[in-house]
Amino acid sequence: MKNKSLISEAKKLANKKELTSDVTVGHVGCALETKSGKIYSGLSVGTSANLGFCAEICAMAQMIKEGETEILEIIATEPDGKLITPCGRCREFMFQINRNNLKTKILLSDNKYITLEELLPHRWQDYWSKNRS
Ligand SMILES: [Zn+2]
């Protein structure tokens with residue numbers, strides 16, 4: 001794993017800047033490593049009336065643009081360097097783009113990881129399938 005370079009990439013983008021009176025970017029920075037070993041990164045975009053998106057979505061969009069969907073490790077940080085886990089929407093998105101992402105490692109603190117499966121243990125798709133068959 002390249003967690004030191006992921007942390008430094010994420011920290012570079014966690015740099016809060018006001019773009020307009022409605023838009024602030026960089027509340028969160030994110031970096032992820034894919035199965036191919038490439039690193040993608042992104043930053044959060046916060047807007048009035050909730051038109052923005054998470055840093056994780058920004059990084060995953062970069063990855064998807066390159067034809068990749070499988071994430072080995074993902075890291076997100078706030079401007080003060082505090083690590084944070086993906087929000088519920090990002091957890092669901094990671095799962096939907098590639099079921100193998102249940103094994104994705106998410107850094108909680110120095111050398112302490114949690115998997116997406118641990119963060120998303122009772123997936124609605126499991127119940128949906130059972131109820132429809
Ligand atoms: Zn999110």
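Okay, let's start with contacts: in this protein, of the contacts with a separation of 6 or more, 53% are between residues 24 or more positions apart. Before I go on, please keep in mind that this is a predicted model.

So, the overall picture. The protein has five helices and seven strands, and if you read along the sequence you get α-β-β-β-α-β-β-α-β-β-α-α. The C-alpha trace spans about 50 × 35 × 30 Å along its principal axes. For 133 residues, a compact globule would have a radius of gyration near 14 Å, and the protein comes out at 15 Å, which agrees. Of those 133 residues, 29% are buried.

Which strands does β2 pair with? Let's take β1 to begin with, residues 17-18: two bridges join β1 to β2, and the two run antiparallel. Glu18 stands opposite Thr24 in that pair, and the hairpin that joins β1 to β2 goes through four residues.

Then there's β3, residues 39-47, also antiparallel to β2, with eight bridges between them. If you want a spot to look at, find Val25, which sits opposite Val45 in β3. The hairpin of β2 and β3 has four residues between the strands, and in there Gly37 takes a positive phi near 95°.

And β2 has β4 as well, residues 71-77: six bridges, antiparallel again. Here Leu32 stands opposite Ile74.

Staying with phi for a second. Most residues other than glycine have a negative phi. Have a look at the loop between β3 and α2, where you'll find Ala49 and also Asn50. Ala49 has a positive phi near 60°, and Asn50 has a positive phi near 55°. Are these two buried or exposed? Ala49 has 6 C-beta neighbours inside 10 Å, so it counts as exposed. Asn50 has 7 inside that distance, so Asn50 counts as exposed too.

On to helix α1, residues 3-13. Its buried residues are Leu6, Glu9, Ala10 and Leu13. Look down the axis of α1 and these fall within an arc of 95°, so they line one face of the helix. For anyone who wants the reminder, an α-helix has 3.6 residues a turn, so residues three or four places apart point the same way. What covers the buried residues of α1? Among the elements that do are β2, β3, α2 (55-65) and β4.

That takes us inside. The largest nonpolar core has 27 residues, and the ones touching the most other members are Ala10, Cys30, Leu32, Ala55, Ala59 and Ile75. The largest share comes from α2, with six residues.

Last stop, Ile75. Which residues is Ile75 in contact with, leaving aside its neighbours within four places in sequence? Asn3, Leu6, Ile7 and Ala10 are on the list, then Cys30 and Ala31, and then Leu83 and Leu107.

How values were computed. Residues numbered from 1 in each chain as written. Predicted model: local features only at pLDDT ≥ 70, side-chain atom pairs only at ≥ 80, totals over all residues. Pairing = 2+ DSSP bridges. Rg over C-alpha atoms; globule rule 2.2 N^0.38 Å. Buried ≥ 20, exposed ≤ 12 C-beta atoms within 10 Å, placed from the backbone. Contact = placed C-beta atoms within 7 Å. Arc of directions from axis to C-beta. Core = buried A, V, L, I, M, F, W, Y, C linked by C-beta atoms within 7 Å.
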